[in-house]
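Grab a pencil and work through these exercises with the model open beside you. Each one sets a task and then walks through a solution.

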Amino acid sequence: MLVSFNWLKQYVNLPDSLTPEELALKLTMSTVEVEGIKKQGENLENIIVGEVKKLIKHPDADKLQVVVVSDGRDEYQVVCGGSNLREGLKIAFAKIGAKVRWHGAGELVVLEKAKIRGVESFGMICAATEIGLGEMFPLKNEKEILDLTNLTLPSPYKGEGIVGKPLAKVLGLDDVVFEI
């Protein structure tokens, strides 16, 4: 059986300081055996909802654009080859230090500041496959970036701006699931 930590907190008064690992041990010692713990969205750290503010043609590449991305407070310059970019688009924005898979394949790599065809890039506008969300958001074409503009939001975000919020929280992936 799979049990959500967030769901348990709705029905049981658990202290905020209690970690999922501590709860798993207490459950195993007193009631049921917890066979595993899965942290949803564990690889989504440093990935937020960003907004495309401006698109500029890359000076040295036909298929790339220089994009100004906002996190709600600051703006970042990012080089991107996404086929569906447009101003006002809400996107998955990986900041420096986030873990991504280049073009959705291979091992996770830690994102660093890069120079792409002579232009500095301070993050990455992600496709769903590059951040492990390919099953949740299947690609229509291989150069499509994740479009969060018309996302149906969980109740804590209804009527509220999502730009700058952690992607895992916005998608409801900030939970731990116990396998009992």
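**Exercise 1. Classify Lys39 by its relative accessibility, then find what its side chain meets in a salt bridge.**

Step 1: Lys39 has 37% relative accessibility, so it counts as partly exposed. The scale runs like this: buried is under 20% relative accessible area, exposed is over 50%, and partly exposed is in between (1.4 Å probe, protein chains only).

Step 2: The side chain of Lys39 meets that of Glu21 in a salt bridge, at 3.1 Å from N to O. That term needs a side-chain nitrogen of Lys or Arg within 4 Å of a carboxyl oxygen of Asp or Glu.

Step 3: Now place the two residues. Glu21 lies in helix α2 (residues 20–30) and Lys39 in strand β2 (residues 36–39), so the pair ties together parts 18 residues apart in sequence. Helices (H or I, at least four residues) and strands (E, at least two) are DSSP runs, numbered from the N terminus.

Step 4: Glu21 is partly exposed too, with a relative accessible area of 38%.

A word on the ground rules: this is a predicted model, where local features need pLDDT of at least 70 and side-chain atom pairs count only at pLDDT 80 or more, while totals for chains, interfaces and linings use all residues. Residues are numbered from 1 along each chain as its sequence is written, and side-chain values use heavy atoms, leaving out hydrogens and water.

**Exercise 2. Work out the strand order of the open sheet formed by five strands, and say which strands stand at the edges.**

Step 1: Strand β3 (residues 47–57) pairs antiparallel with strand β6 (residues 90–94) over five bridges, and Ile47 stands opposite Ala94 in β6. Two strands pair if DSSP finds at least two bridges between them.

Step 2: Look at another partner of β3. Six bridges join β3 to strand β4 (residues 65–70), again antiparallel, with Glu51 opposite Ser70 in β4.

Step 3: Carry on from β4. Six bridges also pair β4 with β5 in the antiparallel sense, and Val69 stands opposite Tyr76 in β5.

**Exercise 3. How many aromatic pairs does the structure hold? Describe the one between Phe5 and Phe178.**

Step 1: There are three. Rings of Phe, Tyr and Trp (its six-membered ring) pair if their centres lie within 6.5 Å; planes under 30 degrees apart are stacked, over 60 edge-to-face, and the rest tilted.

Step 2: The ring centres of Phe5 and Phe178 are 5.8 Å apart and the planes sit at 85 degrees, so this pair is edge-to-face.

Step 3: Phe5 is in helix α1 and Phe178 in strand β12 (residues 176–179), 173 residues apart, so to speak a link between distant parts of the chain. Both Phe5 and Phe178 are buried.
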